[in-house]
Every structure is written in C-alpha cells, then in structure tokens.
Amino acid sequence: MQLLPPCVVGPISELSTLIKVEGQIIGADVYVAVDGDFENPIAKGSAKYSSQEFFLKSGVVLTAGSKITAIQNKDGITSEPSPDPIIVQAIPDPLPVPAICSNLYAYPFVVGIDKLVTGTTANLLKTNSAMSPEINHTGCIGISIIGDGIASSIMPNETVFAFQSISMGAHSKSVESLPAEVPGMDPLPLPVINSPVECDRALLLSNVLDGARITVHREYNGNSSEFCSCYWGDSWYVTFDEPLRRDEILKIKQEFNKSPLPDEENKKLSSLWSEGVRVRGAESVSAPIVWGPICFGATSVLVSNCRPGAILTVKILMKNKDIVELGTWQAPPSGWCNVPLSKIPAGDYRQLFVTQTICKQTSDSNKIYIDDYPKKTDTPEIPGPLYACAGIVRVNKIVPGAKVTIYSEMLQAPIAQLRVYNDFADIKVCPNLIAKDSIWVEQSGCSDKKAKASKHVTVEVFDTELPEPEVEKVIHPFTNPIRVTNVVPGAQVHLWIDGHWLAKADATESSIDVHIPSMFILPTGLPTEKRITVRQLLCTRISEIKSDGVLVTTGNMKVHVNVLTDQGYYLYGNLCEFIITTTDVYDESSVDGDVYVDGVMVAKTNQSFKYKFDPNVGLPIGIVKANGYNDASIDWPRPLRLMEIKVSPTSVKKGDHCSIFVEAHDLWDSTKQVIGPVSIDGYVKGKTFSSILYSWPVTFPAAKSLITVEADDGSYQVADFYIKLVDPEVSPSKTGMLYLVLSDTAILNSTTVAINIGTDWLVEGTSFSNQGSGMKAEIAIPVPQGSAITIYCNLAFDVLGNLITPNGTIPGPIGVSLQGGWNIVWTGISKILNVQIRYIQESISFELIGTEQTV
C-alpha cells in the first residue's frame, strides 16, 4: 500500500511549539522536519488521529522562512514529504489585534478567539478581572470560562476584551466584544447530529450555539456513556477515540453555564435531549466528490463528502483502462479534504478519482480528466482597499484550478494558501492584517515556471467612525441570505432581530450577503413585525445602531403561467402541460412554492405538471403557497373551447356562382351558436349563420376548398371544413344564344359593347344612332355551355383598335350565375341601363330580365 504524504496545517510562527498534521493513517509514525531534513525531525510521534498535533522536540526553535513538511511511515512504507510546505511566519511588531470569533452569549463555557499569531498567549478580560490565559497553537483557541457565580460568569450585556501577548511582555491592542446576550430561544434549540455512519471518528453537528457545552449520550447493547465538548466559532464537529458502531443510538443536548439566577431561569439555558439517532451502516454512504480542474503538476486535490476517518485512495484511470494507485490518506473530521498528491504518471486521457473505504465498504468518486489546465495563469489582483484587523482578502482574476498564495512582507511568509476552483475567492488569512504591512498574492498553474504575482497593497488603518450598514431590501420570513450595504471591506457584519443576535459574515466589498443559520429560522420563518438591525466591527471600532432597522413582513409574489405547447394555447378537455413560476413583487427574485389546483397540490413551482380542464365547469381555483409569502392566485390563460361546423352544400361545381351556409356550434353544448368570420381559401367572405355568395374558380386545381371559422371573441379553437369541388360537365355540342338588349333612358349618341367569351373578345354595336329616348339595341351571340362571359359597355379603343378598360386592367368577375353553366358578369362605367338577357339552350327557351345595373 503506497502512502500519500500527510498535510502540515498552517499557520506556523517562530513562537510555535507544536505542529498540526492531517491525513496520516492511524497507527503510522509521523515525522515533521525543517527544509526536508527528516534525518533530524523537529517533531515525531505515533498517529492516534487523522488530525493531530505533535509537540516540537525540546530545545527546537523555529526560524522565519523555514519550510515545514511531514512524512508518514507504516509497515515499512514511507510516504513522500508534504508537497506544499508551510513557511514559518516571523513575529510581527506590533502584534496584530485578534478577533473574538464567538457570538457572545451570557454564561458561556468557552469564548473563541482567532486570527492569532501561533504560539502567542491568548488573553480574555472582563471588567476588573481576567480569565485564564492560554497559549494558542493553531491561530485560534477557545478560552474556557471556569467556575460559578458573577465573578467568573459573563453576564448579560457585559462585554469582554481579547488581546494576544508574548513572554517578553509585548502585547497587541485589545478588541472589545459586542454585549453578551441571553439566547432569545426558550428552550434552547436542539442540536442536530448529521447522518452518523458506523466507523465515523467524529460527529458532524449543526444547530449549536457559540459557547455552549455539548453532551453526547451513546447507547449500544445496553451500555451507555457520555462525553462533553465545548463549541465555539467554526468548530462544528466533535471527535472521540472510539469509532461509531452500527445501530448505536446517539442523543445530544446543549447548555450554558449555571447563572446566579433562580433555577427557573437556569432552565432556559439548556436544551432538551434530542431524539435518539441510529448510526447507519457504511453501505449507505454516498460517494466522495472530486473537484476539478486538475493539471499534471497539481500538488493536491480537493475532495468533499468524505466520512470522518475514512481511508481515501487516490487512483488514476489510464487510457488503456489500467488503474494506477497514487496512495492512501485518512480523512480528517471536517468532511472536506485537501489531499496531497504524489507524482501523476505520464500518458494521455488520464482520469483521477478517489475510492473511499469505511468499515470495509467502498465507493468511488466522480472522475476528473487530468490536463494542462490551468496551463499558465494570469496576474491575480487584490482589489483593495485592505484595512488593519481584516481577517479575509478578496482575490480576483484567478484561473480556476490554480494554486493561490497570499504573502505578508512583515511576516516573511504566506498568511494563506489554497487551490481555488473559481475565478475569484474570499480567502481567510491568519493572523489578521497588520497596519502598514505589504500584502500580495501569487498564483501558479501547471506550466508556470514562476508564479504570477499581483501588485503589492499596503494595509491601511480605518481611522474614522464606522458607518451604520444598511439592509438593502425588504425582508420576508424566509429571506436568506440578507443583503447588507454600506460596509467597510474587512469588517465583520452582525445581524440582530428584535435585539437578539442572528448571523454574521466577513466582508470583502462594500456589500455582502449574510447567511442566517437554519437554527434561527423557525418552521414559519423569521417572525413578522420584528425588525432586523445591523452593526459592523473592525479592529477596536463598532458601528452604532441609529436607525429602526428593517421590518420583517410577509411577502407578495407574482405568478407566471407557462403553457408548454407549440401553439402557446391549450384546449378544454385536453391534457395540458404547464410550468408555474413565481417571483417576488419587490425585487423579482425567484420564489419557491407549491402549486395547488382546487385544493390539491399538483407540483412545485418551476416544475412541469399536466392538468385537464373540464369544459362543463368553470376554471379551477389555482393557488401558489410559499413560505413567508401571502398566497397568490393563478390567473389561468383562458383555454379554448372546441366548435363543430356544418357547411351546406358540402360540394359545389367549379365555375359555379352560388351561395353556401355555414353553421358553428359549441362541441359540448350544441345549443350554443358560435358567431364569427368565415374564410374561403384564406380570404374572409362572410360570417356564420348567413348566406355567403361565392364564385368558385373554374381553373382551381384542387379537388377541395378550405372553409375556416373563427370565433368573434377568440374563445374557440379555429375550425376547418373542406368543401368538395366537382369539375363541371361541359358538352361542346351544346350552344346557346345570348341576347343582350340595351335600352337607354336618355338619348344615346353612341354605345360600345365588348363581350368576352373565355379569352375571345367580340365587339358589337360600335355605333348606336341617336334614335331618341327609349330606343333599344339587341345583340345575339352564340355561346358554348360552361363559358365565362364578361360584358363591358361604353368602352374606348385606341387608334389601333385595341380595347382600353376604364382602369387599365380587365376587372375580375362579379355578378350572377345563370342556368346552363354560364356566368354573366356585369362591369363598366357611365350609364344606368336596363338590361335584358335571353338565351336558348337546346329546345328550351329561358329569359332573364336583369335589374338596373351600373355599367
């Protein structure tokens, strides 16, 4: 079994007397050395935990700039040294102001102080008395508050002061806490044990208050035991020597120190015992997650979703499907592992993955291709400004996957180093930034022969009154995070609700999103009609609360209905698909909720669902419910009803000039008429329930003509009907006579009559004598049956004898259709003529007397 190198945890300073190492296999021998000299280790020991501190040998004093690495040896196999050494920091002068990382509650068991120079003494003071000073070894420490009574307890509204010092008498300035408060929950919230699994060597916790003491009760096979641990700052797990066992029952409670108050008041300082949590079997564990990108020269890989104490084996899948093991490593308690890498074998299409083993159960992570990205990096940037006492630095222009290191000129060493998987990062530093120090950042990729360094930024002192931050938006019961503006970069921002502490965050810009821990959000959300106030802290300065804050109010949302059809509409009686989305009326942000139709939940917002609308019932009642918001009604787009149409006649002859009649009724209620326009072949020609006169073209090539009906109010789907077109029965042997009789009501000087039969023009009566009023002229023309006839009167001819129509074109046919298959079309200008038309078909004589027509 090849071993991966353990990871040395920084920061480390010239005052450090122990070194924290992570990732060693329990039972392995660990050696810590300066500048790779493992022949003369500065610390060593047998690993009892995968995260462990090893004291330096007597007489060892570290020197600024030295590089600290570690190796592990087990069963005769020795790992490579840590690929990312920790550089020893110099002792700054003056010492930086530390930070009180705990939210200070009254009667705590412990108060957390961080951003310390490792090896200094952490001091905590209250008015006229000092708590027990303790040496810090990792840059952060919890100072125990021991004893009963007012003298040793931290009382409500009392503040404490923290500073760091060294044996020669030098000390930093003091930082004052916010006033201690009694937790605003009665009883205290139940702590939560997050999904314990057999063989875990730590419990991952949530819902624990700063300064509380945690008591864990373990039951297995009739035996029970308890152990206690104090909780502060970011220490969201507790470790123990004996791994968890399958089906073991765990209970947990939290409490604060006894106060000099009546017993009834003391009860408020303790939670109930939680319900018993059964330890699951390891076969139920989900796989770890490997983060990318990973390049050939990577010295570490980030792995999340690790079980505390699990064995992680890093593997390479080669192009030929061979698997090469780089080595094994044991996960620390946190669940996030920055696993060091040994040399990655050469070759194309290599994929890295991690196998997690816990209680002999294994699971493989996702696979990440190893490539040359980031091959080279750009110059990173610290946007600034940087202020003294800030514990976090924003870095921009990062190439994802690059190794990023922040340096301090005063400390002659990095104050933070990690691999970043985004194009920017807010990176925590230790110790806090020091006034007049020069800070810069470097990043490097696979092919960078030298890391790219940013410009140096000098740390300034913010020497004016801190402004009061502002809550930027309307707050609803489930608003999370809360946006805060008017913030000084580097300040720590704190939120309160109704005077009780709610949340905090470190700012790197003038605005910040502050996330509220879930234990402060009730099932109904933040209480309405309570006010959110905000303060910021930087060094020894604390902003004042001058405004009334922002009221928590029930929100209002806007509902959006998306119809998932190509047409964009839907029909009664059909199964239709929808997506309902909701947005906040104030800022248009998305709101998650539940969709109800007629009282039944059918979907979540942003989730598709299908529903059939009954045409015999009105639209259903649609409601969206969302936590922290008033219910919102769904305004359904009105579905379209269906109509049934009837056309009479159902067939016509081509060339006929005849009427059709179109009826339309509701499909589900035949007594309901649908009134609307009727189109023939795309052109509106009339309305339903009225006679529509139409000339069916002789030359129309199709065997049917499209009849389309729409509803006037648009509430129905468009309905279609095809009327059958029949070719006319034309007999060339049949010829009739057309008699055109013109009579003028006034004296005519001359009249010209042009008659078109098919495509042939006949010009008759080129001159009518002035015969006086009431005289008639008659023209008789033989016409084959089925011919189309157009008659023009009083038309002009040019000098060559060509017909000139009134508007330059031959008008389209309009008029009446006569028996025998002839179409007679009237057109022209000038006169009101009384027209008689007679024609004889075979031996049958028929006469039509036309009404007065404008010709």
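How many salt bridges does a search of the whole structure find? The search finds 20. A salt bridge here is a side-chain nitrogen of Lys or Arg within 4 Å of a carboxyl oxygen of Asp or Glu.

This is a predicted model, where local features need pLDDT of at least 70 and side-chain atom pairs count only at pLDDT 80 or more, while totals for chains, interfaces and linings use all residues. Residues are numbered from 1 along each chain as its sequence is written, and side-chain values use heavy atoms, with hydrogens and water left out.

**Salt bridges**

Among the salt bridges are these:

| Pair | Closest N and O atoms |
|---|---|
| Glutamate 381 and lysine 397 | 3.8 Å |
| Lysine 546 and glutamate 465 | 3.4 Å |
| Aspartate 666 and arginine 641 | 2.6 Å |

Aspartate 666 lies in strand 57 (residues 657-666), and arginine 641 in the loop between strand 54 (632-633) and strand 55 (643-648), so this pair ties together parts 25 residues apart in sequence. Strands are DSSP runs of E, at least two residues, numbered from the N terminus. Aspartate 666 is buried, at 1% relative accessibility. Arginine 641 is buried too, at 14%. Buried means under 20% relative accessible area, exposed over 50%, and partly exposed in between, with a 1.4 Å probe and protein chains only. Salt bridges that share partners also join Arg218, Glu242, Arg245 and Glu248 into one network.

Lysine 546 and glutamate 465 are both exposed. Glutamate 381 is partly exposed, at 32% relative accessibility.

**A nonpolar patch**

Trp236, Ile289, Trp291 and Trp336 make a nonpolar surface patch of about 390 Å². Patch residues have over 30% relative accessible area and no salt bridge; nonpolar side chains (Val, Leu, Ile, Met, Phe, Trp, Tyr) are joined within 5 Å, like charges within 9 Å. The areas come from the Shrake-Rupley method with a 1.4 Å probe; for residues, only the protein chains shown count as cover. Tryptophan 236 sits in the loop between strand 20 (223-230) and strand 21 (237-239). Its relative accessible area is 31%, so tryptophan 236 is partly exposed.

**Cavities**

The structure holds four cavities of 30 Å³ or more. A cavity is a set of points, on a 1 Å grid over the protein atoms alone, where a 1.4 Å probe fits but cannot get out; lining residues have an atom within 4 Å of a point. The largest cavity has about 90 Å³ of space. Its volume is the space filled by probe spheres set on grid points, which are joined across faces, edges and corners. The largest cavity is lined by 15 residues; Pro385, Leu386, Arg394, Pro489 and Thr508 lie nearest its centre.

Note on methods: Helices (H or I, at least four residues) and strands (E, at least two) are DSSP runs, numbered from the N terminus. On a 1 Å grid over the protein atoms alone, a cavity is a set of points where a 1.4 Å probe fits but cannot get out, and a pocket is an open set with protein on both sides within 12 Å along at least five of seven lines; lining residues have an atom within 4 Å of a point.
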